[in-house]
Amino acid sequence: MCWAAFDRGLKLAAQFSRPADTARWTGERDAVLKQVVERGWSENLQAYVQSYGSEVLDSSLLLMPRVGFLAPKDPGWLSTLDAMDRTLVSDSLVYRYDPAASPDGLRDSEGTFSLCTFLYVDALARAGRLRQARYTFEKMLTYANHVGLFAEEISPSGEQLGNFPQAFTHLSLVMAARTLDEALDRERGRP
């Protein structure tokens, strides 16, 4: 997200003709990118990881193509998405991370995170994995309550857990729906 802050700062400065040290910001943005690509990559997992030197995946990585840090079809990103499929995805629902691999100090186990599942749909659609994205999106919709609202988490038994209704989940639902819809339109040759 440091990369995104520099990148968006540069875009805003250009768009609104604001004074900015664009050469320095560009250098810092590019240095962050280089550092993450070099130190945030696990050769063992063939994936980007939660923190430098770790072997832990984190669903926050799903934002990499959305913010433009990596292209949605970048080989390193696609490999990361595959690693997430193996590690964080359970029956199309997505865990934030593996608490056993990265203890967070919270008691009990947690369910899959609805926001993360919708971010996963967004990433799949951007990567061109439309069949998988659509299946995941449509399956996730079945976890809504009778008026279409979602909680923060889904338990292994399908029960809604945590904050309810969860605003971030609903924002990610809209985001995923729009990305998926646009990708399906492109696939069908619609403008």
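Two strands count as a pair here if DSSP finds at least two bridges between them. A few friendly notes on the structure follow.

This is a predicted model, in which local features need pLDDT of at least 70 and side-chain atom pairs count only at pLDDT 80 or more, while totals for chains, interfaces and linings use all residues. Residues are numbered from 1 along each chain as its sequence is written, and side-chain values use heavy atoms, with hydrogens and water left out.

1. Strands are DSSP runs of E with at least two residues, and helices are runs of H or I with at least four residues, numbered from the N terminus. Across from Ile154 you will find Gln160 in β7.

2. **The sheet around them.** These strands belong to an open sheet of 3 strands, ordered β5-β6-β7 and paired antiparallel. β5 (112-113) and β7 (160-161) each have a single partner strand and stand at the edges, so one side of each is left without a neighbour in the sheet.

3. **How α5 and α6 cross.** The axes of helix α5 (residues 114-126) and helix α6 (residues 130-141) come within 8 Å and cross at roughly 155 degrees. That makes α5 roughly antiparallel to α6; angles under 35 degrees count as roughly parallel, over 145 as roughly antiparallel, 65 to 115 as roughly perpendicular and the rest as oblique. The axes are lines fitted to C-alpha atoms, for helices over the stretch in contact, with angles from 0 to 180 degrees between N-to-C directions.

4. **What touches what there.** Contact means heavy atoms within 4.5 Å. Residues of α5 including Phe118, Tyr120 and Val121 meet residues of α6, among them Ala133, Phe137 and Met140. The residues of this contact divide into 9 nonpolar, 4 polar and no charged.

5. Buried means under 20% relative accessible area, exposed over 50% and partly exposed in between (1.4 Å probe, protein chains only). Leaving aside neighbours within four places in sequence, Ala133 is in contact with Val121, Leu124, Ala125 and Leu180.

6. **Arg29, worth a look.** Is Arg29 buried or exposed? Arg29 is buried, with a relative accessible area of 19%, and lies in helix α2 (residues 22-39). Beyond its neighbours within four places in sequence, Arg29 is in contact with Trp3, Phe6, Asp7 and Leu10.

Conventions
Nonpolar A, V, L, I, M, F, W, Y, C, P; charged D, E, K, R; others polar.
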